[in-house]
Amino acid sequence: MSEVAIETRGLGKRYRRLWALRDFSVSLPANKVVALVGANGAGKSTLMSMAAGILPASQGEIHVDGRVVLLSQDKPLYRTFSVAEMLAFGRHLNRTWDQQRALTWLSRFDIPLDRPCGKLSGGQQTQVAMAVALGARPAVLLLDEPLANLDPVARREVTGELLAEVADSGMTVVLSTHVVAELAGVGDHLLLLSHGRSRLDGDVEELLAQHARLTGPRAAAPPVEGEILQAQHTERQSAFVIRTLLGADTPLAEPWKAQPLTLEDLVLAYLKPHRSLGEEL
Amino acid sequence: MRGLIWLTWRQHRWPIVASAVITAALVALMLITASDLGSMAAKCLTTAARGDCRREKTEAVPSHASYLMNSVVFLPVLVAVFWGVPLLAREFEQRTLPLAWSQDVSRLKWLTGKTAVMLVLVGTMGTVLAAASIHLAHQYHAYTGESLFEGTQFQAGGWLPLTLGLAWLAVGIAAGAATRRVLVAIATVGSLWIVRMVGMVWLRPRFMTPVTLIKPFSLTEDGSRPAAFTAADDMSVNSGSVPFIDVHGATHPPGLVVDGWCGSADVDVNTCLHQHGIIGTLDKFQPADRMGTFHLIENGMNLGLFVLALVVAWWCVKKARTTVG
């Protein structure tokens, strides 16, 4: 199996005059959970749709290694189909189908097979859509903001099960979201989109190790070199989120302190618009 | 393909079952009515019963036949509404297309497969209905003497119900693909159907240049009124107003002759016509031997509409944006 699950070169998608994605080149690793993050309209769904092959690119190219299945944002199901018929749908329309895998997923969440999908709760519909997606045995599973209508407990349970599936099957999961809290403990690789372009791309651990929040006496600039992502000031204190080689391990002169960032902090630092630079606390 | 057959059946099974039941009922009724008309026509041939033969289309059995033929003629618009429109419009409305198109079946293969299944079903039902309606039209013609080249009899014959059904299935699919809304697509189909109905009434007699002929009078047995000679299967293009012609070749509107000159109760019509030099009517018509050509032309138009509608549907599906960034 290739080490790269999805590779794009100069990829672009234009809707009339508006570029949803432009000059986009990335390599996403295989057998990982890739967190695809960005504000609404950043181009996440467009990238997912192009990777799934249901949306043609306006320019550039995209290559996906192996079978790809997209579970889109609104998790569409045929409302009059029973859950069992939705599995039959998956079986009939896919060359490869793992009925047992789909049934196992449904039984984990106690989904009744004979109930019409239209009469299931939003969370149960999510599980049916997930079962259909997993039953197709994709090499790459694209999940486009799929957990939005799950409560926090169910969300954690689903992501936990997904991680187990990734570990068991060697599948790559690309999890798109703008709810940063969904990502805690889930993503191995982070791809952050902003205005149709890649803003940050890399292994989550490595990225976290390269970023830090520095706090110290009020100053116009941090005491070390690095890319300043955020700067906030009070009368007596300044705080900077910066990208440096050593991150939170950067040696600093007293009284400056370096703190590691959480994944949520990291993403928010990049998602916040540039006007926050120099913003007064 | 088996998967798409299953999916099409599962999604559209109620329209399919309902259509099959309606087809069976209509075919049974048409065959029974045709049989009754055949018996009535045969009875009229016997000398003893000839006096009782009214041979009028307002009688119960010919009326039923007329209703049945009209039903068949209007079925294609129902095919468009209940089969064609939901194929894409309902999926667009319920946002299920990303699900369907993200399986191992491409969107064009999906469209081709589902459309093919529907075409086979509509084609099968249409063939049976068209065969029964042709048979009924002939029996109706045999009893009433109404031209097979006119109105409903023409539209019920020549396999037009079949090609019209296929064409309007495609129109329904295309309307659903273009509008992406079931109700809007139905309104579009309804409007197009009205345009087609009105347009064909105007266009059909103009497929070929009509023949103009002076048809001399023969008198009815009691000699009380003129009976214009008409060949049994001509298509009249006079729009019901056949001008009279006199010995000098001048034409006179029927209102002037029948209601004006010869309209009084005490006037003998035959004598009146002779007094005014009326020798017959000036008929414009499409002769009966053109009926096959006319059916061929109209079937060709249906086929053209079928192809055009499928191209529109294919283009819309190809260009359909199923997500936004």
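This is a predicted model: local features need pLDDT of at least 70, side-chain atom pairs count only at pLDDT 80 or more; totals for chains, interfaces and linings use all residues.

Trainee: How many helices and strands does chain A have?
Mentor: Chain A has 281 residues, and 41% of them are buried. Its C-alpha trace spans about 65 × 40 × 35 Å along the principal axes. The count for chain A is seven helices and 15 strands.

Trainee: In chain A, which element has the highest mean pLDDT, and which the lowest?
Mentor: Start with the whole chain. Chain A averages a pLDDT of 85, and 96% of the residues score at least 70. Residues 274–278 of chain A stay under 50, and the model has five contacts beyond four places in sequence for them. By element, the highest mean, 94, belongs to H2(A), and the lowest, 48, to strand S15 (residues 279–280) of chain A.

Trainee: Among contacts in chain A between residues at least 6 apart in sequence, what share joins residues at least 24 apart?
Mentor: Contacts here are counted between residues at least 6 apart in sequence. The share that joins residues at least 24 apart is 71%.

Trainee: How far apart are the centres of domain 1 and domain 2 of chain A?
Mentor: The domain assignment gives domain 1 (4–202) and domain 2 (210–280) in chain A. The centres are taken over C-alpha atoms. Their separation is 34 Å.

Trainee: Which residues make up the side of domain 1 of chain A that touches domain 2 of chain A, by class?
Mentor: Nine residues of domain 1 of chain A are in contact with six residues of domain 2 of chain A. On the domain 1 side, the classes are eight nonpolar, no polar and one charged.

Trainee: Now chain B. Is it spread out or compact?
Mentor: Chain B has 10 helices and six strands. Its radius of gyration is 25 Å, while the globule rule gives 20 Å for 325 residues. The radius is well over the rule, so chain B is more spread out than a compact globule.

Trainee: What does the C-alpha trace of chain B span along its principal axes?
Mentor: Of the 325 residues of chain B, 41% count as buried. Along the principal axes, the C-alpha trace of chain B spans about 85 × 45 × 30 Å.

Trainee: Which element of chain A gives the largest share of the side that touches chain B?
Mentor: 27 residues of chain A are in contact with 19 residues of chain B. Strand S2 (18–24), helix H1 (44–52), strand S6 (68–71) and helix H2 (83–93) of chain A each supply at least two residues of that side of chain A. By class, the side has 13 nonpolar, eight polar and six charged residues. The largest share, five residues, comes from H1(A).

Trainee: Which residues does B:Ala170 touch?
Mentor: Leave out residues up to four places away in sequence. B:Ala170 then touches B:Gly84, B:Phe306, B:Ala309, B:Leu310 and B:Ala313.

Trainee: Where is B:Trp159 found?
Mentor: Most residues other than glycine have a negative phi. B:Trp159 has a positive phi, near 60°. With 18 C-beta neighbours inside 10 Å, B:Trp159 counts as partly exposed. Its place is the loop between helix H5 (151–156) and helix H6 (160–179) of chain B.

Trainee: Why does A:Asp23 count as partly exposed?
Mentor: A:Asp23 lies in strand S2 of chain A, and its phi is positive, near 50°. A buried residue needs 20 or more other C-beta atoms within 10 Å, and an exposed one has 12 or fewer. A:Asp23 has 15, so it counts as partly exposed.

How values were computed
Residues are numbered from 1 along each chain as its sequence is written. Chains are lettered from A and ligands numbered from 1 in the order in which they are written. Two residues are in contact if their C-beta atoms, placed from the backbone, lie within 7 Å. Helices (H or I, at least four residues) and strands (E, at least two) are DSSP runs, numbered from the N terminus. Ala, Val, Leu, Ile, Met, Phe, Trp, Tyr, Cys and Pro count as nonpolar, Asp, Glu, Lys and Arg as charged, and the others, Gly among them, as polar. Domain bounds come from an automatic or database domain assignment. pLDDT is the predictor's confidence in each residue, from 0 to 100. The radius of gyration is taken over C-alpha atoms; the globule rule is 2.2 Å times the number of residues to the power 0.38.
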